[in-house]
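Take the sequence and the model together and follow the chain from an annotated region to a helix, and then to the core and its aromatic rings.

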Amino acid sequence: MTTLTFEDFAPGHFGTFGPRHVTREEILAFAAEFDPQPMHLDEEAAKASMLKGLSGSGWHLGSIMMRMLFDGFIGRTASLGSPGVNEMRWLAPLRPGDDLTLDVDVAEARISNSRPETGIVTLMSTIRNAAVVVLCEMESPMIVRRRLEAGAE
């Protein structure tokens with residue numbers, strides 16, 4: 001499997017990943033464990049909420065995004081991790097039965113000033129449902145080895 005290095009992340013559209021189907025059962029299981037608010041666990045309470053129906057936690061959606069990023073390319077990238085997330089916005093609810101697609105763009109790619117053997121790639125990730133409604137946007141940097149440092153050609 002080819003290892004992606006800093007040089008493989010030119011600014012612009014990087015890729016589209018998915019679809020990933022989300023079930024009611026996984027929404028309930030995630031919420032029960034990590035975000036037990038009524039709109040994520042109880043159909044009637046969810047209908048009375050501003051979300052007007054059962055919805056997945058934003059943190060669940062973020063976790064799904066991370067898995068899609070990993071399966072899509074991070075798992076084969078010379079990544080050294082991330083210093084965090086610059087911005088994450090939940091724009092529409094995650095619903096049971098949603099089929100999710102993730103678009104990833106490289107907003108910026110620059111060589112690190114403090115560690116020139118690495119580069120910093122800023123990713124803009126947008127996840128949509130099958131109706132093409134944007135559910136979440138995330139801007140996050142990733143530290144990636146440069147080609148010569150990764151031992152690749």
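UniProt positions are given here in the numbering used for this chain, with feature names shortened, and such annotations may be inferred rather than shown by experiment. The unreviewed UniProt entry places a feature, "domain: MaoC-like", at residues 18-115. This is a predicted model, in which local features need pLDDT of at least 70, side-chain atom pairs count only at pLDDT 80 or more, and totals for chains, interfaces and linings use all residues. Residues are numbered from 1 along each chain as its sequence is written, and side-chain values use heavy atoms, with hydrogens and water left out.

Helices (H or I, at least four residues) and strands (E, at least two) are DSSP runs, numbered from the N terminus.

Helix H1 covers residues 24-34 and includes Arg24. Arg24 has 35% relative accessibility and therefore counts as partly exposed; buried means under 20% relative accessible area, exposed over 50%, and partly exposed in between (1.4 Å probe, protein chains only). Leaving aside residues up to four places away in sequence, Arg24 touches Glu43, Leu54 and Pro96, where contact means heavy atoms within 4.5 Å.

Further along H1, Ile27, Leu28, Phe30 and Ala31 are buried. Seen down the axis of H1, these buried residues fall within an arc of 165°, so they line one face of the helix; the arc is that of the directions from the helix axis to the C-beta atoms. The buried residues of H1 pack against helix H2 (38-41) and H4. On the face turned away from that buried side, H1 carries the exposed residues Glu25, Ala32 and Glu33.

A nonpolar core is a set of buried Ala, Val, Leu, Ile, Met, Phe, Trp, Tyr and Cys residues joined through side-chain atoms within 4.5 Å. The largest one has 27 residues, of which Phe9, Phe73, Leu94, Leu100, Leu102 and Ile127 touch the most other members. Helix H4 (58-72) and strands E4 (99-111), E5 (118-128) and E6 (134-145) are the elements that give two or more residues to this core.

Phe9, Phe14, Phe17 and Phe73 form one aromatic cluster. Rings of Phe, Tyr and Trp (its six-membered ring) pair if their centres lie within 6.5 Å; planes under 30 degrees apart count as stacked, over 60 as edge-to-face and the rest as tilted. By this rule there are six aromatic pairs. Phe9 and Phe14 form a stacked pair, 4.8 Å centre to centre with 15° between the planes.
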